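Please look at the model below before reading on, and keep it in view while you follow the text. The paragraphs start with the whole chain and then turn to one part of it.

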Amino acid sequence: MIRSSETKRLLQRYHRDGDAQAREELIVQWIPLVRSIARRYAGRRERFDDLFQVGMIGLIKAVDRFDPDRGFEFSTYATPTVLGEIKRHFRDCTAVVRVPRTLQELGLRVHRQSEALTASLGHSPTVREIAESLSLDEESVLEALAANRSYRVESLSVLEASDDEASAVPVSLGTDEPGFTQAEDRALLIDGFRALDERERRVVMLRHGFGLTQDEIARRVGCSQMHVSRVLAQANRKLERALANAEERVAA
């Protein structure tokens, strides 16, 4: 179990005093977090060992860039940094069709903007809405969306086979059992939901469980949309902290 007080002490020694030994101790101390995250993503076209090495780069970046004077827990910074490094590796190194770097970056911008618009509009945005929000033409957005799809590929056997043969192909292929991941996610969410009060739990369930918009939630719970937005933001922060702590316990 990683102690928060020990982490803070080592971070202060490294960032304030330039203690290289404290930096090494921090990296070793947080290796279980990297191992846990890498294990979760292993098998998706990449081996565990490769993802572990990529995750370690993310951990080193987190140790070097974290500011202990800002008052945040290191885990809330390290976890998304390691995850981001692994996801960047998938984006840059595992595409089925090699995509130019500029188009990769545009695809990432379009993907993030699409998620932001979905949250604000309450529905999946159209190509025109994405293009207007990014000051792009629709053709560029379509090209970016096509680039994002290069990370997935259909089996050529399915394309060439008859209907009867094609229907049998998925049966012959090994697949990940979604129940295992869902069980892990449910276990983590139990810890997360314990950190929320009754109103926060209800708002989170209505938003993410039932897919209601903030305006619809406001009418359900009897408050303003702005208040729903604040409750969601506060609940998300609590969930991030609780899930990060749960990840630490799993990694320990």
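Of the 252 residues in the chain, 35% are buried, where buried means under 20% relative accessible area, exposed over 50% and partly exposed in between, with a 1.4 Å probe and protein chains only. This is a predicted model, in which local features need pLDDT of at least 70 and side-chain atom pairs count only at pLDDT 80 or more, while totals for chains, interfaces and linings use all residues. Residues are numbered from 1 along each chain as its sequence is written, and side-chain values use heavy atoms, with hydrogens and water left out.

The chain holds 14 helices and zero strands, where helices (H or I, at least four residues) and strands (E, at least two) are DSSP runs, numbered from the N terminus. Among contacts (heavy atoms within 4.5 Å) between residues at least 6 apart in sequence, 58% join residues at least 24 apart.

Now consider the helix α7, which spans residues 127-134. Its buried residues are Ile 130, Ala 131 and Leu 134. Seen down the axis of α7, these buried residues fall within an arc of 100 degrees, so they line one face of the helix; the arc is that of the directions from the helix axis to the C-beta atoms. The face of α7 turned away from this buried side carries the exposed residues Arg 128 and Glu 132.

Ser 135 has a positive phi of about 60 degrees, although it is not a glycine, and with 68% relative accessibility Ser 135 counts as exposed.
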